[in-house]
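Hi,

Here is the structure I promised to pass on. Have a look at it first, and my notes follow below.

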Amino acid sequence: MTRRVIEATGLPPANGGYAQAVEIGGATRLLFISGQIPVTTNAIVPSGFPAQARLVWRHFIAQLEAADMTLDDLVKITIYLAERIYAAENRAIRLEILGGRRVAMTVIITDIFDPAWLIEIEGIAAR
């Protein structure tokens, strides 16, 4: 599989460690990960954004691993935030988790399904 980050010329650059576009060639498998939510197996929602974000990323990585994939296979994520005030913490935690990996990304500020949830993440991986 080949992976190429695409940044069209003459447009504003992607700020924040993500790619404007990612081209995948030769992939034989695609994985579509539904929105992962900040709820433990005991139905507990952690308090505070950092705890919820890290839990959601753990769930997200577990889904990748269940499909025999890793964060290196990640192509696109959509992050839903309950409020704009979480944007900076979200970015810091995302960069911590993804390291130097640049994926296509959209962040949406929205009223999430459960009012206790502060973040939800869905994505696409390819291998």
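Helix H1 (residues 49–66) packs against H2 with axes 10 Å apart and an angle of about 35° between them. The crossing of H1 and H2 is right-handed. On the H1 side the contact (heavy atoms within 4.5 Å) is made by Phe 49, Pro 50, Ala 53, Arg 54, Trp 57 and Ile 61; among the H2 residues taking part are Ile 93, Arg 94 and Ile 97. The residues of this contact divide into 8 nonpolar, 1 polar and 4 charged.

This is a predicted model: local features need pLDDT of at least 70, side-chain atom pairs count only at pLDDT 80 or more, and totals for chains, interfaces and linings use all residues. Residues are numbered from 1 along each chain as its sequence is written, and side-chain values use heavy atoms, with hydrogens and water left out.

Do look at Arg 94, in helix H2 (residues 87–98). Leaving aside neighbours within four places in sequence, the contacts of Arg 94 include Tyr 18, Trp 57 and Met 105.

Then there is Ala 19, in the loop between strand E1 (2–6) and strand E2 (21–25). Ala 19 counts as buried because its relative accessible area is 1%. Not counting residues up to four places away in sequence, Ala 19 touches Val 5, Glu 7, Arg 102, Val 103, Ala 104 and Met 105.

Best wishes

How values were computed
Helix = DSSP H or I, 4+ residues; strand = E, 2+ residues; numbered from the N terminus. Axes fitted to C-alpha atoms, helices over the stretch in contact; angles between N-to-C directions. Left-handed = near helix turned anticlockwise from the far one by under 90°. Nonpolar A, V, L, I, M, F, W, Y, C, P; charged D, E, K, R; others polar. Buried < 20%, exposed > 50% of the residue type's maximum accessible area, 1.4 Å probe, protein only.
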